[in-house]
Number of protein chains: 2
Amino acid sequence: MNYSMIFYLIGWTLNAMAGFMTLPLFVSLYYGESSYLYFIPVIAVSLVLGISLVHKKPKNTVFYAREGFTSFTSVALIWIVLSIVGSLPFIISGEIPHFVDAVFETASGFTTTGSSILVNVEKMSRGMQFWRSFTHWIGGMGVLVLLLAIVPLVGGHNFQLMKAESPGPAVSKFVPKIKKSAAILYAIYIAMTVIQIILLVIFKMPVFDAVVTAFGSAGTGGFGIKVDSMASYSWQIQLITGIFMMLFGVNFTVYYLILTKKFRQAFGSEELRVYILIIALSTLAITFDAGEYFNGFGETLNHAFFQVSSIITTTGFATFDFNVWPTFSKSIIVLLMFIGASAGSTGGGLKVSRIIILTKSVYRELQRTLRPRSVKKVRFDKKPITDDTVRSVGVYLAAYFLVFSLSVLVLSLDNFDFTTSFTATAATINNIGPGLEVVGPAGGFSEFSDLSKIMMIFNMLAGRLEFYPIFSLFYLPFKR
Amino acid sequence: MNYSMIFYLIGWTLNAMAGFMTLPLFVSLYYGESSYLYFIPVIAVSLVLGISLVHKKPKNTVFYAREGFTSFTSVALIWIVLSIVGSLPFIISGEIPHFVDAVFETASGFTTTGSSILVNVEKMSRGMQFWRSFTHWIGGMGVLVLLLAIVPLVGGHNFQLMKAESPGPAVSKFVPKIKKSAAILYAIYIAMTVIQIILLVIFKMPVFDAVVTAFGSAGTGGFGIKVDSMASYSWQIQLITGIFMMLFGVNFTVYYLILTKKFRQAFGSEELRVYILIIALSTLAITFDAGEYFNGFGETLNHAFFQVSSIITTTGFATFDFNVWPTFSKSIIVLLMFIGASAGSTGGGLKVSRIIILTKSVYRELQRTLRPRSVKKVRFDKKPITDDTVRSVGVYLAAYFLVFSLSVLVLSLDNFDFTTSFTATAATINNIGPGLEVVGPAGGFSEFSDLSKIMMIFNMLAGRLEFYPIFSLFYLPFKR
């Protein structure tokens, strides 16, 4: 195992954290708050530790495929460092005094989950509110992807690292050079975030609100700065946010293809089509089922679209407490929680492409069992689905449900109702935010025990990194 | 497709049904009830139809592997015929007048589910109570397995047929001849049922009650003849039933190995060990969690063991309304619903062997990703787990969750709470019987709409036959 490389990467992560934290520091100063004081020591310590760790460049800065172990472990450790260091301003400022709560909130931020232990987010200082939402934006596209784009260290072949942090069953490089691919990803990400902020401000959202809302949408995170999430904003602001959440749930490859004018290839993406189809059907179904809660078709459609877009992309913003909706609408919401966004987007969940592959693999297996002599190839995005793909997606599903089952058991020790234990697990493992009942949009995660919160921190990290990196930490002690 | 063979098999199924129904007919006569009148026309019509269908033996009575389609479709059609013809006595006697309800109850019987639409089973005549429980016993080991054992038609190589009806990822033949294997299976099944009846009678259970309870345990069905299921019987009777449910959830190969004195092989079965371990751990956990509902450790242990044994084997008998237990105990119950019994037993669910294979495949994939150069073979029952096994179990899981999701959506249209829609689906797809909330042990399925009941009939048949046979009916219209 390449330990020196792991420490080197953690060093750069700490430096990046110091850089990130200067933003909330300036926000705090701008609003004349004292909260900037709490960022300074964290920035200082991060920089000292970070610089000393990157001082000596390792001889070998490239991860090879055969070293899957090192890259997976690095990614897991880096995300744990992020969650702990990122929680320090909350703790020392006393705004979230309890350690487990602060790490929960920060992990929820970086993993773009958006589940919160805060009872009243409106009491928080501007600086801390900004930092909390900014973690979504950082975690959405990934810290390693950023490091790969800007840090000098990484040669040019560190695809393994990017693979370990990027969501979805397959990662596509836009261009042969990882460094350039990562830079293009971030450029698209920044541009879309800025466009959303401008649109929101045009429709009269306060600038601070617009920025944190855009962070929450871009990372598909869902932290808001109001107790009622997005309910008190105008329908125009809700619609813009609904559309942008949907856009951030699309595979970024599609945007790269559009930028390079490969329109046919971009809109031919099977995952994109199914993703839009699911959103359309779910929106219509909820519009017809939950109409009684709203005034007229237009308003119902707007709320239904917002909620569908928010949940399938695993963002978790709410314009309405869907906990009171009829069970059919609630079941659609729960199913969307599991489906999740597209691979290669900032969203979580199982991912639409995995659902497509699994559905087609059932058809494929049926064909193989029923008519073994006349089997036709089953394709996804024009490429035949291979046995290897089916196997690895199937095993992913197994890993998912093993963690899921463990979490439901642990959470139910707190003796909330079954729906709460079940949907709190779904909400954290899929990086969504709210669930149903106690953890519904109008509720929160503060009442869980520390054990449950630690389980959910595990869920959030495991879900965001798609299990294997986090599992690799447990594999370590048994590796011989 | 070998249509003449399909009709021939349906003919023999009808003849067998006529034979089966003579038993409740005699029970009815013995108790001096008028209910025997309603069995006579059904027996007569079944025989007339059956004999005319088997009159001409098809030229080719063997299914080959390449004809997977014909055998899968036969099995599905035969089970639909069973559910409809079996429901006729209930309908024409007026004891379950509504067609969908009667088919639901009968499908629930044959698939050994045990979910009931009856509000008060104690009002039912003895003849109908007997027939209802007898369907469990018939469905437990399977009708085709019986036909393979006794009917002259089937050559000797119809392994495909047995595979399509037997639960679990792999079917083992005890002896090369299918006919003899099927006969041995039924001999063990009958012997164990008789032993349970004798033991129950020794501990002072009325003979009628003992017979129907043994039918419910042997088939892992769970229909009782009392509103409170097994709650009013003595603890000895509960314990005997608990133990027998557990025994019927074991792969019958184990008993064959014991009979042939291959003890080491029998007790070396990995599935058996994990099955017993899960039962032991779950029983202990519930004993410590739900103790407040019972008087002392012994009583708690007895109830906990009974419920664990009842749910993991997917029987569904109850000695207590576990709906009121703490959420941790309820979550264990829900997890056991999914795990299910052993492959090659009469129980349903995903099966312990599939859970073992999936868990090990996660470890296997992890090893392969993390240390691609030093992969060791992962074994199940001393045989290496192959890519093919992992793929087919993974696809099975996908099929399972596709049907599951569809069912939750359809059931939630009835607007019961989410836990009800979720556990009613789990209870029917896994062939268990009760769920939580509205469908808890003290509740029932009568309040669902016809659409939901039809969905659950589909779940029960799909779950019992492990999806592909039922799917094959939908594949038929698209096969070209």
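This is a predicted model: local features need pLDDT of at least 70, side-chain atom pairs count only at pLDDT 80 or more; totals for chains, interfaces and linings use all residues.
Let me start with A:I190, which sits in helix α8 of chain A, the helix that runs over residues 178-202. A:I190 has a relative accessible area of 41%, so it falls in the partly exposed class. Together with A:V194, A:I198, A:I202 and A:F203, A:I190 makes a nonpolar surface patch of about 450 Å².

A:D417, A:E437, B:D417 and B:E437 form a negative surface patch, to which both chain A and chain B contribute residues. Taking one of its members, B:E437 is placed in the loop that connects α18 (418-429) with α19 (450-464) in chain B, and with a relative accessible area of 36% B:E437 is partly exposed.

In chain A, the loop between α18 (418-429) and α19 (450-464) holds A:G433. Is A:G433 buried or exposed? With a relative accessible area of 1%, A:G433 is buried. As a distance for orientation, the C-alpha atom of A:G433 is 24 Å from that of A:F294, and these two residues are 139 residues apart along the chain.

I will go through a few of them in chain B. In one, the side chains of B:E105 and B:R132 come together with an N to O distance of 2.7 Å. Because B:E105 belongs to helix α4 (residues 99-110) and B:R132 to helix α5 (residues 126-141), both of chain B, this pair ties together parts that are 27 residues apart in sequence. Both partners are shielded: B:E105 counts as buried at 1% relative accessibility, and B:R132 counts as buried at 3%.

Another salt bridge joins the side chains of B:E466 and B:R354, at 3.0 Å from N to O. Here B:E466 lies in the loop between α19 and α20 (468-475) of chain B, while B:R354 lies in helix α16 (residues 352-370) of chain B, so the parts tied together are 112 residues apart in sequence. B:E466, at 7% relative accessibility, counts as buried, and B:R354, with a relative accessible area of 4%, is buried as well.

The next pair is B:R391 and B:D388, whose closest N and O atoms are 2.9 Å apart in a salt bridge. Both residues lie in helix α17 (residues 387-412) of chain B, with a spacing of three residues, which is about one turn of the helix. The two partners fall into separate accessibility classes, since B:R391 is buried at a relative accessible area of 5%, whereas B:D388 is partly exposed at 46%.

I will finish with a polar contact in chain B. B:S229 is found in the loop between α9 (207-218) and α10 (235-248) of that chain. A polar atom of the B:S229 side chain lies 3.0 Å from the backbone nitrogen of B:A318. Why do we class B:S229 as buried? Its relative accessible area is 15%, and buried means under 20%.

Methods: Residues are numbered from 1 along each chain as its sequence is written. Chains are lettered from A and ligands numbered from 1 in the order in which they are written. Side-chain values use heavy atoms; hydrogens and water are left out. Patches are made of residues with over 30% relative accessible area and no salt bridge: like charges are joined within 9 Å, nonpolar side chains (Val, Leu, Ile, Met, Phe, Trp, Tyr) within 5 Å. Accessible areas come from the Shrake-Rupley method with a 1.4 Å probe; for residues, only the protein chains shown count as cover. A salt bridge is a side-chain nitrogen of Lys or Arg within 4 Å of a carboxyl oxygen of Asp or Glu. Lys and Arg count as positive and Asp and Glu as negative; His and the chain ends are not counted. The place of a charge is taken as NZ of Lys, CZ of Arg, CG of Asp or CD of Glu. Helices (H or I, at least four residues) and strands (E, at least two) are DSSP runs, numbered from the N terminus. Buried means under 20% relative accessible area, exposed over 50%, partly exposed in between (1.4 Å probe, protein chains only). A polar contact is a pair of N or O atoms within 3.5 Å; within protein, one must be able to donate a hydrogen and the other to accept it, and residues adjacent in sequence count only if both atoms are side-chain atoms.
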